[in-house]
Amino acid sequence: MYTHTVEYYETDQMGITHHSNYVRWMEEARTRFLAMIGWDYRQFEARGIISPVVAVNCRYKHPTTFGDQVDIRLQVKQLDRIRLTLSYQMTCQGQIVCLGESEHCFTKDQQLLRLDRDLTDFAAALRQYQA
């Protein structure tokens, strides 16, 4: 789990967190998750691998405001040969504030990598967190 504290600059004139920030928080949670399982983005980049986001989805359930602590639970929703789909549940004081998903692929030298063939150790690490 990753916890983000809502900053003042992330809110709008009404004092509500701007919707675009939830996607940023998903990325924060994702990068920390990958580091936690031993696959820091620096490792990928050192090997010439990048991981583009190919889809992102958010369902806003309840607003957050400056100073709120948002807990983000990340789970591997789907893992196939070329795609990784992560799900995110964001809560504040036990209330769901946002549900999201992000879908990723992995490339090297502009060539799509197969997780089951080219990144087998990474795929095995991810399977431990699959729903």
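Let me begin with the conventions. The model is predicted, so local features are given only at pLDDT of at least 70 and side-chain atom pairs only at pLDDT 80 or more, while totals for chains, interfaces and linings use all residues. Residues are numbered from 1 along each chain as its sequence is written, and side-chain values use heavy atoms, with hydrogens and water left out.

I turn to the overall architecture. The protein has 4 helices and 8 strands; these are DSSP runs numbered from the N terminus, with helices being H or I of at least four residues and strands being E of at least two. Read from the N terminus, the order of elements is β-α-α-β-β-β-β-β-β-β-α-α. The C-alpha trace spans about 50 × 25 × 20 Å along its principal axes. Of the 131 residues, 39% count as buried; here buried means under 20% relative accessible area, exposed means over 50%, and partly exposed lies in between, with a 1.4 Å probe and protein chains only. Among contacts with a separation of 6 or more, 65% are between residues 24 or more positions apart, where contact means heavy atoms within 4.5 Å.

Next, the sheet. In what order do the strands of the open sheet lie? The 5 strands follow the order E1-E4-E5-E6-E3, with antiparallel pairing; two strands count as paired if DSSP finds at least two bridges between them. Strand E1 (2-5) and strand E3 (53-60) are the edges, each pairing on one side only. Neighbouring strands are turned against each other by 25° on average, direction ignored. For such angles, axes are lines fitted to C-alpha atoms, for helices over the stretch in contact, and values run from 0 to 180 degrees between N-to-C directions.

Two helices pack on this sheet. Helix H1 (residues 20-36) touches E1, E3, E4, E5 and strand E6 (95-104), and its direction makes about 120° with that of E3. Helix H4 (residues 120-127) touches E4 and E5, and its direction makes about 120° with that of E4.

Let us now follow strand E5. Strand E4 (residues 69-79) pairs with strand E5 (residues 84-92) in the antiparallel sense over 8 bridges; within this pairing, Leu74 has Tyr88 as its bridge partner. E4 and E5 form a hairpin with 4 residues between them. On to E6: 9 bridges join E5 to that antiparallel strand, and Leu84 stands opposite His104. The hairpin of E5 and E6 has 2 residues between the strands, and Gln93 in its turn has a positive phi of about 55°. E5 is mostly covered, with 8 of its 9 residues buried.

Thr85 lies in strand E5. This residue is classed as buried because its relative accessible area is 8%. Apart from neighbours within four places in sequence, the contacts of Thr85 include Gln75, Val76, Lys77, Glu101 and Glu103.

Is Trp25 buried or exposed? Trp25 counts as buried because its relative accessibility is 0%. Leaving aside neighbours within four places, its contacts include Tyr2, His4, Val6, Thr64, Val70, Ile72 and Met90.

Val23, Val53, Val56 and Tyr60 form a nonpolar patch with about 320 Å² of accessible area together. The largest share of the patch, 3 residues, comes from E3. Patches are made of residues with over 30% relative accessible area and no salt bridge, joining like charges within 9 Å and nonpolar side chains (Val, Leu, Ile, Met, Phe, Trp, Tyr) within 5 Å; accessible areas come from the Shrake-Rupley method with a 1.4 Å probe, and for residues only the protein chains shown count as cover.

Finally, the salt bridges. The whole structure contains 7, each being a side-chain nitrogen of Lys or Arg within 4 Å of a carboxyl oxygen of Asp or Glu. One of them joins Arg83 and Glu103 at 3.7 Å, N to O. This pair links distant parts of the chain, 20 residues apart, with Arg83 in the loop between E4 and E5 and Glu103 in strand E6. Another joins Arg114 and Asp116 at 2.8 Å, N to O. Through shared partners, salt bridges also join Asp80, Arg83 and Glu103 into one network.
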